[in-house]
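Open the model in your viewer and keep the selection tool at hand. This tour goes from one selection to the next.

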Amino acid sequence: MIPIGLGSMYSGPPTAEMLAKLALVKWCVVATYVCTLGRFLADDPFGALNDLFGALFGTFLLREDPLLSRCFKILQESPLGAMSEGGL
């Protein structure tokens with residue numbers, strides 16, 4: 001197997017450009033929660049479950065975000081909190 005170069009890794013606080021892109025990701029996560037609700041209402045439970053998993057992963061990824069931090073704290077106190085500490 002030939003390793004594929006992934007570019008350079010960055011560590012440290014996010015730059016302004018990174019924060020701008022993470023703001024877009026945050027709104028995509030919020031939209032995914034809305035889509036989850038829509039799919040439940042449209043009687044598509046498996047599609048809703050698929051969307052819910054994506055939204056949960058995004059919430060754990062963006063745990064420091066002010067909007068998603070409240071949702072993350074609720075998830076952290078639930079049985080899902082045993083899965084990961086979350087974060088980038």
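Helices here are DSSP runs of H or I with at least four residues, numbered from the N terminus. The model is a predicted one.

Start with the largest pocket, which holds about 210 Å³ of space. Which element gives the most to its lining? That is H1, with four residues. Twelve residues line the pocket in total; select Leu19, Leu22, Leu62, Glu64 and Asp65 to see those nearest its centre. By class the lining has eight nonpolar and four charged residues, and no polar ones.

Next, select residues 16-41, which form H1, and residues 45-61, which form H2. Their axes lie 8 Å apart, at an angle of about 160 degrees. An angle over 145 degrees counts as roughly antiparallel, so H1 and H2 are roughly antiparallel to each other. Their crossing is left-handed. To see the contact, show side chains on H1, including Val29, Tyr33 and Phe40, and on H2, including Pro45, Leu52 and Leu56. The residues of this contact are nine nonpolar, five polar and two charged.

Key
Residues are numbered from 1 along each chain as its sequence is written. This is a predicted model: local features need pLDDT of at least 70, side-chain atom pairs count only at pLDDT 80 or more; totals for chains, interfaces and linings use all residues. Side-chain values use heavy atoms; hydrogens and water are left out. Axes are lines fitted to C-alpha atoms, for helices over the stretch in contact, and angles run from 0 to 180 degrees between N-to-C directions. Helices (H or I, at least four residues) and strands (E, at least two) are DSSP runs, numbered from the N terminus. Angles under 35 degrees count as roughly parallel, over 145 as roughly antiparallel, 65 to 115 as roughly perpendicular and the rest as oblique. A crossing is left-handed if the near helix is turned anticlockwise from the far one by less than a right angle, and right-handed if clockwise. Contact means heavy atoms within 4.5 Å. Ala, Val, Leu, Ile, Met, Phe, Trp, Tyr, Cys and Pro count as nonpolar, Asp, Glu, Lys and Arg as charged, and the others, Gly among them, as polar. On a 1 Å grid over the protein atoms alone, a cavity is a set of points where a 1.4 Å probe fits but cannot get out, and a pocket is an open set with protein on both sides within 12 Å along at least five of seven lines; lining residues have an atom within 4 Å of a point. Grid points are joined across faces, edges and corners, and a volume is the space filled by probe spheres set on the points.
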